[in-house]
Each structure stands twice: as C-alpha cells, then as structure tokens.
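Hello,

Here is the structure I promised to pass on. Have a look at it first, and then read on for what turned up.

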Amino acid sequence: MHDVSKLYGFGDATTLALDEINLSVMEGEFIAVMGPSGSGKSTLMNIIGLLDRPTFGTYMLSNRSVAKLRPNQRARNRRDKIGFVFQSYNLLPNLTVIENVALPLVYKGMSTVRRLKLAGAMLERIGLEDRQYFMPRQLSGGQTQSVAIARALINNPTIIIADEPTGNLDSDSSLVIMELLSEIHAMGTTILLVTHNSELTRYATRVVFMSDGAIVHDEPTKLGEIAPNFRSIIYGLAIKTEEDDLAGVSALMKAIPGIKSQPAKRKNKAKWGKSKKLTRKQL
Amino acid sequence: MKLLTANNTKMAIHAVQQSHWRSLLTMLGVIIGIASVVTIVGLGEGIKHQIVGQINNLGNNLITVRPGSTQTNTTTGALSFLNVFAGLNDSDLLNIHDVQTIQQTPGVRTAVPMSIIAGPIQANKQIYDTIPVIGSTSDISAALNQTLQYGAFYSSNDNISDSAVLGQNVANELFPGISALGHSIKFHNINFVVLGVLNQFDIAPLSIDADFNNVIFIPYSTAQQIDPNGASLYEILVKPTSPSSTNSVKTKIQNNLLAAHHGEQNFSVFTQTDELAAANHILNLLTDLIGAIAAISLLVGGIGIMNVMLVAVTERTQEIGIRKALGATNRQIVNQFLTEAVVISTYGGVIGIIVSALINLGLRIVTNLQPTLSWQVILLATGVSVVVGIIFGITPAVKAARKDPIDALRYQ
C-alpha cells in the first residue's frame, strides 16, 4: 500500500480519512491495528478488504494492483482471498448457523451438499458442531462471533480482517475468540485485527498505531507480549482540553494492564472519541 | 448460476413463507389477475364445448328462423353478432304463412312453428306463472333430435288438441316424485293431458335456443285458438332433407322469406354453425373485457410486488452489505432479489390458478356451466406470473445490487 489516501465528501465538507498511508503486510503476519475512534482504522480495513477504493495511492494485493479491478472482480477477490469478522457479527438472522458459515460458498457455485459438508467440518474445527442448526439468535455472543470466524475461514482466505471482533464480548468470550484467531494465524493465515484493547496486542506479531488517518507508529512485537512502545505512544497523544486531560489521565491509568482492563478499554474509547473530534483534519 | 438460482429460490420460498400475510397481500393483484383470466378462458372453453355438444345433439343441420334482424355481419360478411332478443317483442313479424313458405322451399324436410303463449299454469292444485308454454307441431321432436323419456308426442293425426308434452324439469316440478303421464294441467281454462315427458336436453349456456327442459309443448293449433293474435311465432325450426344442403337451404329460405316479406329484412335465418360463431364472438368480447381487467390487475399486482421488493431492499440493506462483503457479485445480488420477486409472483399465479379451479368447481355445482381448466392455460398463467415477476422485480433487484457495500454494512 503506497501513499494511500481516502477522502470523503467534497468542497468544504471534505474529510481526510486516510492520509498517505504506506503499509506493507507480509503473508502470515498478525497485525493489531490500534488507534482512537475516527483515526481511520476501519477505512483502512475496508480498503484492504476491497470494500472501498482509495482516493489516491496504490494498493497491491498479492502483487497485483487492485485499482482497475471491476466490481465483480473485486467481489471475487473478496470471496477468495479475504475473510471478514465484524464487531456486530453480521450473521444473517434468517439462516441457520451452518447456512451462515456456508454462505460464501454459495457465491462460488458449490452444491448444497458439498458446502454444508465443508461448513459442518469448519464448525467442528471451532467446536460448535452441536450448534449447526441453531439460529444465530440462539447463540451467545462468543459463539456467534466464532460462527462469524468460521464463515470468514470457509473459503480458506489469505487474509482475515477482524474489525473489533471482541468489542461486544465479555473477557472470557474475548479470550476464546482471540485464541481462535491465534490458531488460525498459526496455520499461516494473515490476520489484521482492529482493536482498542492493548491486551490483545499479545496475540499480534506487529502493532500499527493510527491517529488522524495516518500511521503514527508501526512496530513488531513478540507473541504473548504487549507492544513495548505502546504506552509511550499513548502518552504521546495530544490532549486538547483540560477536560480531556483529566479524563485522559483517568483512562490511561485504567488502561495499564492489571488494573481492570475491560472498563479501561471503554474509557479509552470515550476519551479518544472526544480527541478525534478536536484533532481531525478538515480539508 | 444454476445452483445459485436453486439456492435463491429456496431462500425466497422461505422468505415468502415466513412473512405469509405480507406476501399474500403482495400477491393479491397477481392472484386476481390470473384467477380472472384462467376462469374466463376456462369458462369460454367450457361454453364452446357445450355449444358444440348441443349442436351435435340438435343436429348441425338445424336451421332457425327468428323475427327481426337479429344478426350483425362484419364487413367480410361473417356473422359477428346475434341479438337473440331482437324481434321477440315483434309478435307479428313471423306467422304460419312463413312456415308454409319455408315448407315449400326446395330441400326443406320440415318446418316447425314455435309460439310462446303467456299465462299461468295450474297443476296439482298449484299455480305456476313462470313456465313457458310453446305451441308447436308434432314435428318438433324430430326437429330437435330429441326422444321422449316416456309417453308419446301428440300427433297431428291424433286430433288431440288438449294434450301436452313436458320438458323434464317441468315434469319434475309439477309432478314431483310421480309420473306426469296422464295427469292434467290447466292452461287458459283448457285441461291438457300430459301425453309424454321429453328426455333431458343438453342446452348450452349462451345458446340462443330456449331451455326446452323447462317448457311445456302444446299443439300449435290449440295455441292458435288460445292466443287472440293467432299465436305469432318467436321462432321457426327447419330441417333440410339432407345435412349437406343446410347452407344452400338456408340461402333459399332467406330469399323466399325476403320475397314473402316484400323485400323487408325483418327476420333472420341462421344455422347452428352461425350460433357457434355468435357464441364465439360473445365469448371473445367477454375474454377481451376480462383480459383488460386482468391486465390492469396484473399491472397493479406487479407494482405491488415492485413496491414490496423496494421496501425489502431497504429493509435488508445490511444483509446486502454482508453478502457483498462475503463475495457476492452485483449479478448474484440481482439474481437473488429477482428470484424473490419471481417466486412471489409465481406463488400468486399458482394461487390464482387454484382460486380459478375452485370458482370453476363452484360454477359446475351451482350452474349448468361446465368450465374447463386445460394444462395449456395453466402453463400460460404460470408463464405470465413469471414474466410479471421479472418485469416488476428487476428494478428493486438492480437497486439492491448497486448498493455500496460500506454504506450497506453500516445501515441500521
């Protein structure tokens, strides 16, 4: 990805969502993308996931420029190379668990028997073989997200884009999901994880920190360890108001591992949300 | 694509079944349209079939002469319309002299006068006001190709002026549960003895002939005595000597009567084939009319489907986003929503056909109509439903496919 920028709106209402991003992702990496709300993480994931197009810059997927791909070619690339895991699960409520998992195979033109067989095997892999014919509403949050991961994996994608997959989950379920992603990563799949939770960087091999549409920090990490320079990055964030200052200190204290990590995440979100509004560049 | 369509069809059927009331209301226009078309076509086919059956029964060599100009011809000369009521009130347009004129026409075997005499009938100490009494000669039995269930027909040779022959329905009505033979009925202060009861006539709907199952035949000579106007004729039935000469005899009768009426065309001569053509014409008019109504109904139904599908596309925006994120192409999204529209429409068509079949069954039970339901009509109706689904489903489907995946995923 070279000098990728994304602009929304036009005229005075133009917003710069991504600002000349340069990013190379190697096969088999587990990248945790962090940053405050509005920093451009999701936009970056959407562009990487071929759901969106950059306004400027070059994006090469598997050494091929995707700029000139037609919508149907982009759809096929999404189908074959990329698996999405969303914060809100995004399972189809009127389909059973197994049908949801098998859905990407429908667009490959696979027969019903074959795709249900593959989906069944995938559910077995994630330990939900006894929930195959449940409806999504009958599952817990963690189980639902596991199903979403199974769906993302069904086409054997090279990249899994997980946009805050644990955002709606309790700590136990989060752990299960992260372990699952870790297993997938261990099998060689590239994972891009968007998260607000610094704890989750333990699973990553690289942490990318974004702010105001730009990558402000990019460092490799060791598996099982939190990114070493993460804290300094957070401390280095500009604090714009006195109110933010007070809220920020409180949030950062709670964000330190070992001091109630879960509420800390929410506080951080709140604080970052406020900062974003004040610091976002308007073109 | 085949597998995808099968999958989409399954999902669409599931969607229709899940929201069955909404789907039913959506289909209503298609149901009404298809039901009306299938019913009217079936009715038309049934009536045609019945008329052909009646012609076969009465004999296709029967020529009918009616007072008044009852027929309208197209520019090419083909019979386009028969006004069966024209001339019925013109009591003096046809009389016994015309019967004689016809009888003298070469090729005519027999000409039978038919005269309706008004008045109440008394039988079994009860009075009946609505049973038509027809004065006719004994040749009526041969002219109508009909035999008696029991008894005998009055004969001119018998010189029995106060005898009557009953249609089967009348016999059952006047003398329920007993044989009418030998009983008397009182008409215009004359006691008529029932000589015989006719077998059941197969009278087709839209036939211009009276339903002879519901009439009483009395000798024409007696009718002349009862009627102060000399029993004017509402119809003369003619049988040619040879069936093959029916058309030529018809022309001769036409010419002879025209001469007898001093060139005034105040009568009509037609054969059973003309009757079939006239019935066809009426049915075609009816079919056109119902077809127009059905077309409007299908249009409204189609718009209903389009409306519901547009709402569905909006409601399911996030689903569209998810499907696109999972790799669905625009074409596959179009296919999915188009399939749904076609399934709804086809469901409507199938329900319409079932409704039509039930209407047909009801008509068969309640009336003497015998509507039919052919597989060609069923196929056509199903095809029309599919086409309606495609025409009105394409816009919502394209709208769904054009949704931006990001916007669609964010839609709440």
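Please keep in mind that this is a predicted model.

I would start with helix α5 of chain A. Its buried residues are A:G142, A:T144, A:Q145, A:S146, A:V147, A:A148, A:I149, A:A150, A:R151, A:A152 and A:L153. That makes eleven of the 13 residues in α5(A), so the helix counts as mostly covered, with buried taken as under 20% relative accessible area. The helix runs over residues 141-153 and reaches 18 Å from its first C-alpha to its last, close to the 18 Å expected at 1.5 Å a residue. What covers those buried residues?

Next comes strand β10 of chain A, residues 206-211. Six of its six residues are buried, so the rest of the structure largely encloses this strand. A:R206, A:V208 and A:M210 point one way from β10(A), while A:V207, A:F209 and A:S211 point the other way, and all are buried.

The strand has two pairing partners to look at:

- Strand β3 of chain A (residues 30-34) pairs with β10(A) in the parallel sense over four bridges. Here A:A32 stands opposite A:V207.
- Strand β11 of chain A (residues 214-220) pairs with β10(A) in the antiparallel sense over six bridges. Here A:V208 stands opposite A:D218.

β10(A) and β11(A) form a hairpin with two residues between the strands, and A:D212 in this hairpin takes a positive phi near 50°.

Over in chain B, there is something on the surface for you. B:V350, B:I354, B:L358, B:L361, B:I365 and B:V366 form a nonpolar patch there, with about 620 Å² of accessible area together. One of these residues, B:V366, is found in helix α10 (residues 330-366) of chain B. Is B:V366 buried or exposed? Its relative accessible area is 71%, and exposed means over 50%, so B:V366 is exposed.

Finally, some totals for chain A. The chain has nine helices and eleven strands, and buried residues make up 53% of its 283 residues. Among contacts in chain A with a separation of 6 or more, 67% come from residues 24 or more positions apart. Chain A exposes about 12900 Å², of which carbon and sulfur atoms supply 52%.

Best wishes

Terms used. Residues are numbered from 1 along each chain as its sequence is written. Chains are lettered from A and ligands numbered from 1 in the order in which they are written. This is a predicted model: local features need pLDDT of at least 70, side-chain atom pairs count only at pLDDT 80 or more; totals for chains, interfaces and linings use all residues. Side-chain values use heavy atoms; hydrogens and water are left out. The expected span of a helix is 1.5 Å times one less than its number of residues. Buried means under 20% relative accessible area, exposed over 50%, partly exposed in between (1.4 Å probe, protein chains only). Two strands pair if DSSP finds at least two bridges between them. Patches are made of residues with over 30% relative accessible area and no salt bridge: like charges are joined within 9 Å, nonpolar side chains (Val, Leu, Ile, Met, Phe, Trp, Tyr) within 5 Å. Accessible areas come from the Shrake-Rupley method with a 1.4 Å probe; for residues, only the protein chains shown count as cover. A salt bridge is a side-chain nitrogen of Lys or Arg within 4 Å of a carboxyl oxygen of Asp or Glu. Contact means heavy atoms within 4.5 Å.
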